[in-house]
Amino acid sequence: MPHPHRPLEGHLLGDEPVPAPVPLPDGELEPLNEAELVWTAQHRELVLRLCEGHTDVDTLSGLFDRVQASWLASADRDDPHTLVNAFGIALGDLLIARLPGLRWSAYTDAAGPELVLAHPVHELVVFPISSVARQWGHAAEDWFARYADDVTDGARSILGDEG
């Protein structure tokens, strides 16, 4: 399954601030397979239950802040992978809703596979799960909303009228 903690070079949309895009490094984009579709649905359902079905940016950002703070305050912290993946999927879904044409894809390179958002025409790839993984445990309050806005603005500048 995806490798959410893989370090990235900062050459694709996904870090604060949003860097200027450059061509993809050597790698391959493919549609999600059946197992990946199930995996994303399971993580999507977790967040939907936590936010009672409200998936607007303010609700998701507030939920992210509360869950991260609760996790940090816990004396016996569980492995955050499930939370990181669930919030990464929620963030990706939010970006898809904002940016028509983006869709979930599997990106594979020498570091292995990772779920990303990709545009079918433009060389635009966003790594929402990796971005959440890099920020988890030290993200500033409202990071989720700011990230979503920054990526939306950056992608729209690339997509023009399409985004």
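The model is predicted, and I kept to its limits: local features need pLDDT of at least 70, side-chain atom pairs count only at pLDDT 80 or more, and totals for chains, interfaces and linings use all residues. Residues are numbered from 1 along each chain as its sequence is written, and side-chain values use heavy atoms, with hydrogens and water left out.

Asp142 sits in the loop between α4 (128–135) and α5 (143–159); helices are DSSP runs of H or I with at least four residues, strands are runs of E with at least two, and both are numbered from the N terminus. Its phi is positive, about 70 degrees, although Asp142 is not a glycine. Most residues other than glycine have a negative phi.

I noted Glu52 for its positive phi as well, near 50 degrees. Glu52 belongs to the loop between α1 and α2 and is exposed, at a relative accessible area of 68%.

**Negative patch**

Which residues gather in a patch of negative charge on the surface? I list Asp56, Asp58, Glu141 and Asp142. Patch members have over 30% relative accessible area and no salt bridge, and like charges are joined within 9 Å, while nonpolar side chains (Val, Leu, Ile, Met, Phe, Trp, Tyr) are joined within 5 Å. Asp and Glu count as negative, Lys and Arg as positive, and His and the chain ends are not counted. The place of a charge is NZ of Lys, CZ of Arg, CG of Asp or CD of Glu.

Asp56 is in the loop between α1 (34–50) and α2 (57–73). I read its relative accessible area as 37%, so Asp56 is partly exposed.

**Salt bridges**

How many salt bridges does a search of the whole structure find? I have two, taking a salt bridge as a side-chain nitrogen of Lys or Arg within 4 Å of a carboxyl oxygen of Asp or Glu.

One joins the side chains of Arg44 and Asp93 at 2.4 Å, N to O. Arg44 is in helix α1 and Asp93 in helix α3, so this pair ties together parts 49 residues apart in sequence. Both ends are partly exposed, Arg44 with a relative accessible area of 27% and Asp93 at 23%.

I also recorded Asp149 with Arg98, whose side chains meet at 3.0 Å, N to O. Asp149 is in helix α5 and Arg98 in helix α3, so the pair ties together parts 51 residues apart in sequence. Asp149 is partly exposed, with a relative accessible area of 35%.

**Gly88**

Is Gly88 buried or exposed? At 0% relative accessibility I count Gly88 as buried. Gly88 is in helix α3 (residues 81–98). Leaving out residues up to four places away in sequence, Gly88 touches Trp104, Pro128, Ile129 and Val132, a contact being heavy atoms within 4.5 Å. For Gly88 and Pro128 I noted 5.1 Å from C-alpha to C-alpha and 40 residues in sequence.

**Whole chain**

I wrote down five helices and four strands, in the order β-α-α-α-β-β-β-α-α. Of the 163 residues, 45% count as buried. Among contacts with a separation of 6 or more, 69% come from residues 24 or more positions apart. The chain exposes about 8,100 Å², with carbon and sulfur atoms supplying 52% of it; the areas come from the Shrake-Rupley method with a 1.4 Å probe, and for residues only the protein chains shown count as cover.

Key: Buried means under 20% relative accessible area, exposed over 50%, partly exposed in between (1.4 Å probe, protein chains only).
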